[in-house]
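Trainee: Can we go through this one together? I'd like to know what can be said from the atoms alone.

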Amino acid sequence: MMTENPFLKESPLPYQLPPFDRIKDSDYRPAFEAGMGEQLREVAAIAHNPKAADFENTLVALECSGQLLQRVSTVFSSLNQCNTNDEMQKIETEMAPKLAAHRDAILLDPALYARIDSLYRRRESLKLDAESMQLIDRCHTQFVRAGANLPEAAKEQLRSLNGQISSLITQFKQNVLKATKASAVVVNSADELRGLSKVQKGAAAKAAEARDLKGKWLITLQNTTNQPLLAQLKNRELRERLFRASIERGSSGDADNTTVIAQLVKLRAERAALLGYPNHASYHLADESAQTSQAVHKMLSDIAPIALARAKADAAEMQKLIDSDAAASGTKRFTLQPWDWPYYAEQLRRARYDFDQSQVAPYFELNRVLHDGVFYAAHELYGLTFKERMDLPVYHSDVRVFEVFDADGTPIALFLGDYFARDNKAGGGWMNNYVKQSQLFKLKPVVANHLNIPKPQAGQPALLTFEEVTMLFHEFGHAIHGMLSNVRYPRLSGLAVPLDFLEYPSQNNEMWAREPAVLRHFARHYETGEPMPQALLDKVLAGQKFGQGYATTEYVAAAMLDQSWHQISVAQAPAAKEVAAFEAAAVHKSGLDYPAVPPRYRSTYFSHIFANAYSSGYYAYLWSEVLARDTGEWFHLHGGLTRANGDILRAKVLSRGRSADPDKLFRDFYGHAPDIRPLLEYRGLTETH
Ligand SMILES: [Zn+2]
């Protein structure tokens with residue numbers, strides 16, 4: 001039976017595209033087990049090689065290990081995200097601890113580390129090229145950061161801390177789920193729901209029915225502090241109720257996260273101390289392009305007051321609306337509160353940039369945006385061309401495959417587009433790498449983009465919002481980063497960059513959606529081919545800058561809260577009952593203590609930092625965006641959408657993966673340190689109305 005397992009051998013398909021048509025759910029478990037076993041044998045052979053350690057028999061050999069595990073992991077993690085089922089989720093739960101222990105077995109193997117360390121110490125004498133030097137450096141860093149050079153007793157302590165931290169993370173995640181569900185707001189009369197559409201009211205009635213609350217309505221909560229329905233609800237009492245339900249989530253009752261937070265930040269501080277750092281933030285940031293807490297703090301605190309001033313200016317406009325409404329209806333005047341913000345922001349947006357989504361949508365047809373926008377920009381910038389391949393197997397009939405060619409006709413990659421929403425697909429948009437580019441294995445990349453565009457009925461066009469158009473460009477920016485990668489070692493390939501650099505190419509690529517030379521090319525009516533009228537185009541573009549004061553302020557407040565939680569020493573960790581006070585003090589210290597705009601997440605439901613990979617890393621999105629907007633300005637100063645410009649970015653950044661320090665790649669491209677001004681302009685934060 002094992003002989004039929006499609007993961008056991010390299011895929012015979014072009015570019016080693018996974019043989020999706022031959023993969024069954026029952027193939028994963030045995031392939032994972034065989035893959036881990038194979039890699040442990042390979043690693044043991046490297047660690048106990050009787051020959052003295054050299055670059056080839058240790059570092060290159062380690063790069064070559066674990067190929068079977070790599071094949072099954074990449075396919076499994078991608079399909080589990082975009083096309084999952086119960087069986088796959090069971091496999092995920094079962095494999096997660098096994099894979100974590102497998103990684104530890106390699107990273108904490110003393111014999112293997114001794115060889116890597118000996119090479120690292122004499123790296124200058126090895127006469128290696130720059131990329132090979134970087135491989136030694138990265139590999140050594142990864143082992144050291146995992147605790148490889150600690151004495152055995154400390155390693156044992158580390159394993160125990162890792163175990164406790166990972167159980168707390170699971171507990172945090174489950175509490176957020178439970179608290180979010182339990183905090184849904186029950187509404188007793190239809191009248192309270194004024195402002196919602198028929199469809200939305202119907203959904204709220206259905207949600208209530210599902211919880212045996214027949215004849216009532218239920219408003220379920222989204223992850224963020226701000227709840228989208230606040231923009232529509234006319235009933236002020238209900239708005240307040242919904243807002244309070246959101247911010248009080250997880251702070252009491254049987255899904256109380258304060259104890260989890262208190263323990264988690266303390267254990268993270270302990271682990272950092274064990275690894276030789278003053279706190280968790282220092283540990284995390286040392287391997288990011290920001291490097292230090294000071295650098296992160298500087299970027300956030302430079303932007304904070306400007307964002308807050310913009311938010312306050314918008315608040316003044318909204319207060320005028322509130323006052324004139326009160327005067328007109330003879331009701332009592334009130335001061336703008338956080339639960340009023342989205343509602344009056346929506347009134348203000350309509351007053352300023354009045355247009356309707358239904359006017360815009362016919363000009364943004366998916367295929368046209370893809371070919372005449374996304375692919376067109378990539379052609380103008382990098383000389384790429386795209387040819388759809390109908391002969392290759394896919395995992396779902398909606399998935400499209402394109403072969404990508406360089407300017408001289410050389411085939412360089414396969415690109416998969418999986419654009420439509422499905423019940424068994426995670427939300428949002430993302431990119432993944434099925435095959436990583438590497439010269440070592442002579443592999444060209446296979447990358448995929450995933451979005452959640454509502455699928456139109458058969459024969460109907462998929463018409464997008466401008467936000468969806470922007471997402472299409474964003475995810476393709478990640479794809480470009482993977483497809484143009486041109487490095488030797490897989491460990492340094494493509495998107496193997498720090499979190500605070502990862503969103504740079506993608507946010508940069510968003511700029512082309514707004515660029516007149518590209519926008520004019522794709523914004524055409526799907527039936528008549530007529531270009532979008534200039535007046536409408538102007539409104540759509542101007543509308544992009546609306547509400548950025550609020551968005552930037554709530555984001556920066558959350559990013560600073562994250563830094564505060566992870567800059568504490570073990571002794572400074574608060575008790576569970578002090579968690580709320582700690583948060584209030586942190587927000588106050590950030591200078592963003594403005595109740596009308598609360599942090600995007602409060603601690604008790606801040607999953608990015610307490611349940612996902614972004615602990616002391618929530619700032620990363622904005623850090624990357626600074627680089628992206630600087631790059632956008634650089635393009636404009638050098639003539640915009642040209643091959644010459646694209647080739648420079650490609651040579652200096654997009655093809656380089658992590659073959660050099662990302663911070664250095666950026667400076668070599670840009671000529672100096674990052675500057676926040678272009679970001680402020682892009683977000684319209686410096687404009688006055
Ligand atoms: Zn992204």
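**Cysteines, helices and zinc**

Mentor: Start with cysteine 139, which is buried, its relative accessible area being 1%. Buried means under 20% relative accessible area, exposed over 50% and partly exposed in between, with a 1.4 Å probe and protein chains only. This is a predicted model, so local features need pLDDT of at least 70 and side-chain atom pairs count only at pLDDT 80 or more, while totals for chains, interfaces and linings use all residues. Residues are numbered from 1 along each chain as its sequence is written, and side-chain values use heavy atoms, with hydrogens and water left out.

Trainee: How many disulfides are there?

Mentor: The count is zero, taking a disulfide as a pair of cysteine sulfur atoms within 2.5 Å. Cysteine 139 is in no disulfide, and the nearest cysteine sulfur, that of cysteine 64, is 12 Å away.

Trainee: And cysteine 82, buried or exposed?

Mentor: Buried, because its relative accessibility is 0%.

Trainee: New topic. Why is helix H2 largely enclosed by the rest of the structure?

Mentor: Because seven of the ten residues of H2 (residues 55-64) are buried. Helices are DSSP runs of H or I with at least four residues, strands are runs of E with at least two, and both are numbered from the N terminus. The buried residues of H2 include Phe55, Leu59 and Leu62.

Trainee: What covers them?

Mentor: The cover includes helix H1 (28-47), helix H5 (110-121) and helix H6 (130-145), where contact means heavy atoms within 4.5 Å.

Trainee: What caps the N-terminal end of H2?

Mentor: Aspartate 54 does, with a side-chain oxygen 3.1 Å from the backbone nitrogen of glutamate 56. Just after H2, glycine 66 has a positive phi of about 75°.

Trainee: Back to H5. What do its buried residues pack against?

Mentor: They pack against H1, H2, helix H4 (86-107) and H6. Among the buried residues of H5 are Arg115 and Asp117.

Trainee: Which protein donors does the zinc ion have?

Mentor: His474 (NE2), His478 (NE2) and Glu503 (OE), lying 2.1 Å from the zinc ion. Donors are N, O and S atoms within 2.8 Å of the metal (3.2 Å for Na, K and Ca); water is not among the atoms, so sites may look incomplete. Along the chain the donors follow the spacing H-x3-H-x24-E.

Trainee: Where do histidine 474 and glutamate 503 lie?

Mentor: Histidine 474 is in helix H16 (residues 466-483) and glutamate 503 is in the loop between helix H17 (499-502) and helix H18 (504-514), so the pair ties together parts 29 residues apart in sequence. Both histidine 474 and glutamate 503 are buried.

Notes. A polar contact is a pair of N or O atoms within 3.5 Å; within protein, one must be able to donate a hydrogen and the other to accept it, and residues adjacent in sequence count only if both atoms are side-chain atoms.
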